Amino acid sequence: MRSHDVMPDMDLYQPIQVEDAVALAGRLGSRGWLLGGGQDTYGWLKDRAKTADAMIDLNGIESLRGISETADGIEIGALTTLTEIATNPLINARYSLLSSAAGRVASPQIRNAGTLGGNVSQDVRCWYYRRGLDCYRAGGNLCYADTPEGMNREHALFGASRCVAVNPSDTAPALVALEASMVINSVDGERVISAEDYFVGPAIDIENTTALRVGEILTAVRIPATWANATFYFEKVADRNVWDFALVSMAVAMRVSGDTIQESRFVCGGVECKPRRLLEVEDAVRGRSHDASTTELVASYASRGARPLAHNQYKAPLMNNLVRRAIETV
Amino acid sequence: MNPKITRRRFIKGVIYSASAAASGAGVYVATAASNRSNGAVERLISINVNGRTRRVDVLPQETLAHTLRYRLNLTGTKLACNRGECGACTVMIDNVANYSCSLLTHQVKGREVTTVEGLRAADGTLHPVQQAFIEELSPQCGFCTPGQVVSAAALLIANPNPTREEARQGLSGNLCRCGAYDHYLNGVMRAAELIA
């Protein structure tokens, strides 16, 4: 029977236990393709820009779903949908930064299918790369975006190394701001790394946006109580409010006492191949009031060191203005 | 050849007898080509569509939109972008709106699929959303309408009395190239009144 669907012929595994999924991922290696909500996957497959022999569909593994309280915060199964995260009472009460970010992903239908694990593990959106061109990220030896004629309005200001693509995830900056950690399983056991180390730039690994290695599965995200009930600010700037990826996003967690910002985490999305922590801003606002006097001083720190391409200079003042808003809005 | 034994039925029969022998493993594997060996999920599966159990022969990589349109002949579900960027293929899975172009049919085993064909009552009475869309002249060219209807129906299940802004958000995953958005919103608000 010939398929007239645009999906390429592939095998499908539907494990119902984590152990089986991990064993499959180990056995298939790079011939296997982990499938969560699939909202990044099907584009690659239908466009024939990437493929694999088999999909490992993780959706049947019930233990990877759901949100639970732990001794120190909460644990979110990697297969929990973005809609569940955006509407979960516990997350809304304590970590509304994450629910705000999850609620701004793509469209309602994509949030209904898309998972947290998939959102943080998705590939970059550089259209040259997604078109299947043989750029650095695809194993080739040139970049089509960072050229005088290249369409690089959405590309990186920081951390470029041959590749200038940015991490498109909306939840990633929020998780870095909340000091989340990522639980990763493989046949070799479990390892836990911080969200900050989970996302990697092209200088470290040009073919992957995360530290996830072949054969490994992200099984859960843990959020410590460190920033529970803090003062949060999330804003995503995109061309359209639905579907589009962030041009720049800003996820901020602050501990404010009276008028004074005591501690903060400023994390910016859409400007680097990993969520960018604005350490200079964090240092500068410590002990200062959250008003215009502070923003005059610190806003320009946000984009310090930016190396704009031909068409993305606008992102630098956008970063500064989002920092300004974050400080003055709280 | 006996006209009642079509090629499709004959092949289905062969596959059914083979898969019955292969089932029972803890890990299900669907196999695209018959010569791939490493264990196999049944390709002939049952899915629940519009309240009926349908036996259907589904390739491992097949999307639900494809199964609905080309195997079950439920062509009310439209395929437009086929990339999760337009909403024309929206169906409900367990009363939640999903893009059927971006979902594998094998993932809806054991779940309830509702397409635009399944919304009206058994006696033919239109769903309140359908009735309201007619009364408000919501569709223009009509191609995105099935997706809009299903999204609106799913919204009203989750939130029977939405504000206009909530309705806007609820239907924001459905493009209308005619730009009839306000008319659809009028329809959703009227449907909410009909349900109340």
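**Close-up views of a predicted model**

**View 1. The buried residues of helix α5(A) pack against α3 (82-87), α4 (89-94), α6 (108-113), α9 (171-177), β9 (231-237) and β10 (248-257) of chain A.** The model is a predicted one, in which local features need pLDDT of at least 70 and side-chain atom pairs count only at pLDDT 80 or more, whereas totals for chains, interfaces and linings use all residues. Residues are numbered from 1 along each chain as its sequence is written, while chains are lettered from A and ligands numbered from 1 in the order in which they are written. Helices (H or I, at least four residues) and strands (E, at least two) are DSSP runs numbered from the N terminus, and two residues are in contact if their C-beta atoms, placed from the backbone, lie within 7 Å. Of the 8 residues of α5 (residues 96-103) of chain A, 7 are buried, so this helix is largely enclosed by the rest of the structure; they are A:Leu97, A:Leu98, A:Ser99, A:Ser100, A:Ala101, A:Ala102 and A:Gly103. A residue is called buried if 20 or more other C-beta atoms lie within 10 Å of its own, exposed if 12 or fewer do, and partly exposed in between, with C-beta atoms placed from the backbone. Apart from residues up to four places away in sequence, A:Leu98 touches A:Ile85, A:Ile91, A:Thr171, A:Ala174, A:Leu175 and A:Leu178.

**View 2. The largest nonpolar core has 150 residues.** Such a core is a set of buried Ala, Val, Leu, Ile, Met, Phe, Trp, Tyr and Cys residues joined through C-beta atoms within 7 Å. The residues with the most contacts inside this core are A:Ile56, A:Leu97, A:Leu98, A:Leu175, A:Leu178, A:Val252 and A:Val323. The core also draws at least three residues from each of domain 1 (7-118) and domain 2 (128-195) of chain B.

**View 3. Four strands of chain A form an open sheet in the order β9-β10-β11-β12, with antiparallel pairing.** Strands β9 and β12 (276-277) of chain A stand at the edges with a single partner strand each, so one side of each is left without a neighbour in the sheet. Two strands count as paired if DSSP finds at least two bridges between them; β9(A) and β10(A) pair over 7 bridges in the antiparallel sense, and A:Tyr233 stands opposite A:Val252 in β10(A). Helix α5(A) packs on this sheet, touching β9 and β10 of chain A, and its direction makes about 15° with that of β9(A). Helix α13 (residues 315-329) of chain A lies across β9, β10 and β11 (260-269) of chain A and runs at about 30° to β10(A). For these angles, axes are lines fitted to C-alpha atoms, for helices over the stretch in contact, and the values run from 0 to 180 degrees between N-to-C directions. In the loop between β9 and β10 of chain A, A:Trp243 has a phi near 70°, a positive value in a residue other than glycine.

**View 4. An open antiparallel sheet of 5 strands in chain A has the order β4-β5-β8-β6-β7.** Its edges are β4 (67-70) and β7 (189-194) of chain A, each with a single partner strand, so that one side of each is left without a neighbour in the sheet. Neighbouring strands are turned against each other by 25° on average, direction ignored. Strand β6 (residues 181-186) of chain A runs antiparallel to β8 (residues 217-223) of chain A, to which 5 bridges join it, and A:Ser181 has A:Arg222 in β8(A) as its bridge partner. Between β6(A) and β7(A), also antiparallel, there are 6 bridges, with A:Asn185 opposite A:Glu190 in β7(A), and a hairpin through 2 residues joins these strands. The number of buried residues among the 6 of β7(A) is 0, so this strand lies largely in the open.

**View 5. A:Ile206 lies in the loop between α10 (195-198) and β8 of chain A.** With 18 other C-beta atoms within 10 Å, A:Ile206 is partly exposed. Leaving aside its neighbours within four places in sequence, A:Ile206 is in contact with A:Tyr136, A:Arg137, A:Arg162 and A:Cys163.

**View 6. In chain B, 14 residues of domain 1 are in contact with 13 residues of domain 2.** On the side of domain 1 of chain B that touches domain 2 of chain B, the largest share, 3 residues, comes from β4(B).

How values were computed
Domains from an automatic or database assignment.
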